[in-house]
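Biologist: I have just opened this one and would like to talk it through with you. Could you show it to me before we start?

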Amino acid sequence: MLPTSISPKLAEVIEESKRLTQTERLLLARMLLDSILSDEVLEDIDWNEMGLASFQKDWDNDEDAIYDNWRAHYGIEER
């Protein structure tokens with residue numbers, strides 16, 4: 001929930017933003033949102049990449065190579 005009162009500094013920024021075009025205000029809003037979300041997104045990407053690297057390391061081995069051609073083994077055509 002948004003606070004009912006805003007700081008004088010934020011009020012000044014809002015007033016200044018009214019002088020921008022709609023496109024400029026949308027760009028500013030996106031940049032502000034990205035500045036908050038970017039750290040979380042980067043952490044998620046790093047976590048996913050580590051998990052994928054670990055999965056590939058475990059999956060790509062000689063013992064499991066028999067499963068690489070599972071479609072041919074079960075007679076299933078590729079789409």
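Biologist: Is Asp34 buried, partly exposed or exposed?
Modeller: This is a predicted model, and in it Asp34 is partly exposed, because its relative accessible area is 37%, which lies between the 20% and 50% limits used for that class.

Biologist: Which side chain does Asp34 meet in a salt bridge?
Modeller: The side chain of Asp34 meets that of Arg30, with 3.4 Å from N to O. Both residues lie in helix H2, where they are four residues apart, about one turn of the helix. Arg30 counts as exposed, because its relative accessibility is 56%.

Biologist: Why would two such side chains pair up?
Modeller: As a general point, side chains of opposite charge can pair when their charged atoms come close.

Biologist: How many salt bridges does the structure hold?
Modeller: The structure holds three salt bridges. One of them joins the side chains of Lys18 and Glu15 at 3.0 Å, N to O, and another joins Glu16 and Arg19 at 3.6 Å, again N to O.

Biologist: And how exposed are Lys18, at 54%, and Glu15, at 46%?
Modeller: With 54% relative accessibility Lys18 counts as exposed, whereas Glu15, at 46%, counts as partly exposed. As for the other pair, Glu16 is partly exposed at 42%, while Arg19 is exposed, with a relative accessible area of 69%.

Biologist: Switching to charge, which residues gather in the patch of negative charge on the surface?
Modeller: That patch is made of Glu40, Glu43, Asp44, Asp46 and Glu49. Glu40 has its place in helix H2, which covers residues 22-59, and Glu40 is partly exposed, with a relative accessible area of 48%. Across the protein chain there are 8 positive and 19 negative charges, and their mean positions are 14 Å apart.

Biologist: Stepping back, what is the secondary structure of the chain?
Modeller: The protein chain has three helices and zero strands, so that, going from the N terminus, its elements run α-α-α.

Biologist: Last one: what share of the residues is buried?
Modeller: Buried residues make up 1% of the 79 residues in the protein chain. The accessible surface comes to about 8200 Å², and 57% of that surface belongs to carbon and sulfur atoms.

Methods:
Residues numbered from 1 in each chain as written. Predicted model: local features only at pLDDT ≥ 70, side-chain atom pairs only at ≥ 80, totals over all residues. Heavy atoms only, no water. Helix = DSSP H or I, 4+ residues; strand = E, 2+ residues; numbered from the N terminus. Buried < 20%, exposed > 50% of the residue type's maximum accessible area, 1.4 Å probe, protein only. Areas by Shrake-Rupley, 256 points an atom, 1.4 Å probe, with all protein chains shown as cover. Lys, Arg positive; Asp, Glu negative; His and termini not counted. Charge placed at Lys NZ, Arg CZ, Asp CG, Glu CD. Patch = residues over 30% accessible without salt bridge, like charges linked within 9 Å, V, L, I, M, F, W, Y side chains within 5 Å. Salt bridge = Lys/Arg side-chain N within 4 Å of Asp/Glu carboxyl O.
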